[in-house]
Amino acid sequence: MNREGRLAHSSLAQLTLARVREFLREPDAVFWTFAFPLLLAAGLGIAFRNRPPETPRIAVVAEHDAAGIGERLAAAGLLVRILPDTAAARELRTGRVALVVQPLAGGGVEYRYDQTRADARGARFLADDAVQRGAGRTDPVPIEDRLVSERGSRYIDFLLPGLLGMTIMGSGVWGVGWVIVEARRRKLLKRLAATPMSRSEFLGSFLLMRLVLLVLEMVVLLGFGAWAFGVPVRGSFAQLMLITVFAALSFSALGLLVASRVRTTEGVQGLMNLVMLPMWVFSGVFFSATNFPDVMQPLVQALPLTALNDALRANMLEAADWSEIVPELGILAVWLVVSFTAALKLFRWR
């Protein structure tokens, strides 16, 4: 290696080490990168832990054979209240009951419920089954139930890869963009520009810093998920590392681009929120990105956080083959190349 090459190598290493030290000296950055995702995972994991579904609350209008219908529903394990018609309507309107059963004069029943509520639709079928069986209905086909509980199908199993993706995005964009703008505001970039360091070395040190911290982020969050909730990692560790490395570099490059010309911390804060907020909403962190209409899917699937979350879930929950994550890696690679190239051209030292 010639003298220029050794100098470049030494400059890049020293700059990367300085970036890591700079990050670790900021308690706020350490909290939001490591502690906040753990608290969020713990809170949501406990709130949405696997548990039996809540028993539907049903109101029976106090007319005709209300007592008999109420007994049939109660025998099926449903929570039943016999109320006057106006009181039952008020309970349904305020959401205190999921279903109102109206006994009819001819022996039939009328069900009143809001079809947009999943619990109301479930209560309707449970109540009707209890009423029909109580009236003597029998099933012509024998059935058996086999109850299965599998790791990977719970909400926390879906959530944890999304939280890891959100953490990688946030620490990449914020951890890079904020530091650069703060250094520009304090005139540090102007001084660094006078050194033998090249622009690519300076910007590349931020990407390498993110790779160093990436290992810590993965170990902390995935280790907590496995220890506290038994979240599986069914795919290969090499594949998981490749996914997260691509993601860390992509979001760090995006942070570089966002901060390439901004002069104030208020300005970069607004830009970073503008970049990340759509991905928090559309990229499937807390619920599936496929919930959005088909017309929006091309845009949703092109977002880097969507690609990252899909790849993480494919690895952790489905043990996907390498070929199955190639499209997601391709999207992340495009964001990396475009963002870093644009940042190099637009970066302002003053």
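Which strands and which helix do the buried residues of H3 pack against? I looked this up in a predicted model, where local features need pLDDT of at least 70, side-chain atom pairs count only at pLDDT 80 or more, and totals for chains, interfaces and linings use all residues. Residues are numbered from 1 along each chain as its sequence is written, and side-chain values use heavy atoms, with hydrogens and water left out.

**Helix H3.** I took helices (H or I, at least four residues) and strands (E, at least two) as DSSP runs numbered from the N terminus. In H3, residues 66–75, I found Ala66, Gly68, Ile69, Gly70 and Leu73 buried, where buried means under 20% relative accessible area with a 1.4 Å probe and protein chains only. These buried residues pack against strands S1 (57–61), S2 (79–83), S3 (99–103) and S4 (109–112), and against helix H5 (118–134), a contact being heavy atoms within 4.5 Å. After H3 comes Gly77, and I noted its positive phi, near 90°.

**Second largest pocket.** I looked next at the lining of this pocket, which has 15 residues, with Glu54, Thr55, Pro56, Arg57 and Asp119 nearest the centre. H5 gives the most to this lining, namely 5 residues. A pocket here is an open set of points on a 1 Å grid over the protein atoms alone, where a 1.4 Å probe fits, with protein on both sides within 12 Å along at least five of seven lines, and lining residues have an atom within 4 Å of a point.

**Ile156.** I placed Ile156 in helix H6, residues 155–185, and Ile156 counts as buried because its relative accessibility is 5%. Its C-alpha atom is separated by 9.3 Å from that of Gly230, 74 residues apart along the chain.

Technical notes
Buried means under 20% relative accessible area, exposed over 50%, partly exposed in between (1.4 Å probe, protein chains only).
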